[in-house]
Amino acid sequence: MAITTPMRFRQAIVQALADEMRADSTVMLFGEDVAQAEGPFKTSEGLLTEFGPLRIRDTPISEMGFTGAAVGAAIMGMRPVIEIMFMEFLGVALDQLVTEAAKMRYLSNGKLSVPMVVRASVGSGLGFGCQHSQTLENWVAATPGLKVVCPSDAQSAYSLTRSAIQDPDPVIVLEPRILYAERGDVDTSLVLPIGKARVLRKGNEITVVSLGQMVNVARRAIETSALDVELIDLATVVPWDRETVLTSVKKTGRLIVVEEAPQSGGWGSEIVAAATSELFCQLKGAPFRITTPDVPVPYSGVLEARFVPTADDIARQLIESLKTGTTPKSWWELEGLK
Amino acid sequence: MSAELERRRAVQEDAIAQYERMIEIREFEGQINGLFASGSIRGTTHLCLGQEALAVGLASVLRPTDIVSATYRGHGIALALGLSPESVLGEIMGKTIGCCGGVGGSMHLSNMELGLLPTSAIIGGGMPIAAGAALSFQVRKTDDVAVAVFGDGATNIGAFHETLNLAAIWNLPVVFICDNNVYGEYSRINTTTPLEDLHMRADSYKMPHFALDGMDIAQVQKGVTEAVIRARSNGGPTLIEAKTYRFAGHSRADQALYRPEGELEKWEKRDPIKLTEEALIASGALNPQRIIEIKSEMKTTIEKVVATCQDSPEPNLASMFQNIFTPANVGRS
């Protein structure tokens with residue numbers, strides 16, 4: 001029987017980092033305020049004390065510089081983990097990730113690998129405003145050579161962080177900031193491989209695929225709807241688990257993707273396109289996405305709460321799509337806002 | 001020892017081999033435009049004519065276990081570090097004989113056995129990576145050093161400043177070498193940068209810095225050695241500015257018509273190959289007759305390299321699907 005320990009999402013990350021650092025002396029962590037201050041979100045609590053200043057380092061506010069340093073250290077055999085405080089701050093460092101890290105294996109004829117991990121906090125809901133609240137999966141999802149994962153609870157935060165550090169290629173771990181304080185049970189022996197989705201709830205009528213903080217919202221919506229829905233936590237955006245998702249859609253004939261990204265260009269488009277192309281004749285209804293609107297994340301609490309898909313709105317769309325066989329309108333269309 | 005490591009050892013030990021390597025680079029770069037004209041090379045190239053002393057001088061004082069990050073103007077550094085002319089020209093021609101199997105091209109040369117990271121086509125792109133390599137040496141407590149070679153234009157990009165600051169604050173074993181060839185792409189450095197001596201920028205990071213004559217291989221060796229010794233002995237980073245001159249345009253498309261009249265001619269009087277010949281003749285290591293022979297032999301050698309690369313197969317379609325991710329069974333478990 002599995003032994004589980006209750007802990008917060010952020011503590012699961014600390015635990016994963018510590019367990020990897022104990023297991024492998026090449027693992028190190030650096031980023032802004034991760035050492036002395038133990039992380040702006042307390043995701044490196046106790047690590048400086050245990051592992052010392054050689055392996056746990058504060059950096060200047062220089063994302064390009066320290067992301068590139070992680071690339072170089074990884075090439076030379078270290079397993080650096082870097083923390084990007086807010087995903088937006090990766091903008092100034094994308095060159096190092098997209099143009100350098102992702103290309104090193106290719107440009108060395110397979111001789112180099114870049115076993116680095118970029119951890120970045122993402123997502124809306126905490127009133128940080130439009131420059132500190134985006135999910136931005138699509139910044140990194142369309143670059144062959146990068147892997148992208150996103151945990152949705154303490155267990156996946158622990159297991160995916162460990163898998164990311166063990167992976168021989170660059171992996172970006174998107175950490176939904178709103179989940180840091182959430183509690184969950186963690187089985188430290190449970191492995192979640194990169195590229196494997198989690199079927200969190202079995203069902204036969206509709207397949208719902210979700211990611212990150214939207215997974216729990218989708219779960220609540222499914223419970224409200226009282227429908228027989230299969231809920232899949234995609235967990236890995238690149239390379240996403242086609243087999244698990246398409247097998248489920250083949251069974252249910254219906255696919256709804258619930259994502260926090262804006263409507264245009266989100267990762268869910270890829271899922272919907274693949275299901276539509278590959279399973280067209282087996283579908284009972286048009287696959288569709290429930291997303292945020294194509295607007296910056298608003299600051300006002302009233303607006304931000306409505307910006308992100310709510311359990312009520314997801315439940316409405318689940319029920320309506322099953323009943324009518326058509327794709328429901330988004331809340332902003334219903335409100336005549338777009 | 002591989003043939004390429006032998007090539008490296010030759011320039012580490014022997015002044016005549018260093019001269020021969022400079023001639024090799026000159027002959028090699030001299031072939032490139034003709035190969036464009038005949039359709040054997042596509043895209044673009046960035047020649048290092050006039051900058052041979054820096055490439056060879058650097059290679060002669062580093063160990064193969066030291067790490068070099070360099071730029072798209074990298075043919076000379078790759079050859080100097082020991083890559084075979086076939087693996088460099090083959091890559092430029094997109095052939096399987098190339099160091100990257102033909103998928104990289106002129107701007108992306110690498111050989112980790114010789115310490116050359118994949119050269120970057122992004123200004124400043126290799127700088128933080130060199131700092132990261134140095135970080136790994138520091139954490140593992142080896143005495144290897146990392147060297148970042150970059151152009152004068154790179155001193156205006158954020159990566160330069162972030163990397164110098166990081167290297168200084170972490171006291172990393174890294175040597176920054178600014179190859180100031182006077183032009184950043186099509187612009188003369190004084191039109192884009194408010195100071196003449198770029199190495200002064202290291203003052204902002206409390207980092208030792210100096211300029212050297214990049215046309216004189218002895219000066220390159222002396223300066224780089226000083227910085228490398230500092231880095232190996234936990235003394236931290238150094239910024240070196242090597243004053244050189246780009247004899248050709250920025251890239252294939254650039255005829256460099258913007259140069260002030262007489263500037264090229266002035267620098268050609270300090271052609272690094274000419275200076276090296278004078279020094280070797282003065283020391284009695286070479287005589288004028290032998291120099292003529294070396295040049296003639298090298299011309300023949302490079303012509304053979306061209307023929308070998310012409311005969312090398314094109315990559316197969318499967319090669320574009322390789323080396324994007326590590327194969328599944330290779331990761332740490």
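Let me begin with a strand pair in chain A: strand E4 (residues 79-84) and strand E5 run parallel and are joined by four bridges. Strands here are DSSP runs of at least two residues and helices are H or I runs of at least four, numbered from the N terminus; two strands pair if DSSP finds at least two bridges between them. The model is predicted, so local features need pLDDT of at least 70 and side-chain atom pairs count only at pLDDT 80 or more, while totals for chains, interfaces and linings use all residues. Residues are numbered from 1 along each chain as its sequence is written, and chains are lettered from A and ligands numbered from 1 in the order in which they are written.

Within this pairing, A:Ile84 has A:Ala120 of E5(A) as its bridge partner. From E4(A) the chain passes through helix H4 (residues 94-100) of chain A to E5(A) in a right-handed β-α-β crossover; with the strands pointing away from the viewer, the path from the first strand over the helix to the second runs clockwise. E5(A) also pairs with strand E7 (residues 171-176) of chain A, in the parallel sense and over six bridges. There, A:Val118 stands opposite A:Ile172.

How many of the residues of strand E5 (residues 117-122) of chain A are buried? Six of its six are, where buried requires 20 or more other C-beta atoms within 10 Å of the residue's own, exposed means 12 or fewer, and partly exposed lies in between, with C-beta atoms placed from the backbone. In a regular strand the side chains alternate between the two faces of the sheet. On one side of E5(A) are A:Val117, A:Arg119 and A:Ser121, and on the other A:Val118, A:Ala120 and A:Val122.

I turn now to chain B and helix H11 (residues 272-282). Its buried residues include B:Pro272, B:Ile273 and B:Thr276. They lie on the same side of H11(B) because they cover an arc of only 95 degrees around the axis, taken from the directions from the helix axis to the C-beta atoms. The buried residues of H11(B) pack against helix H2 (15-37), helix H3 (52-61) and helix H9 (217-232) of chain B, a contact being two C-beta atoms, placed from the backbone, within 7 Å. On the face turned away from the buried side, H11(B) carries the exposed residues B:Lys274, B:Glu278 and B:Ala282. Just after the helix, B:Gly284 adopts a positive phi of about 85 degrees.
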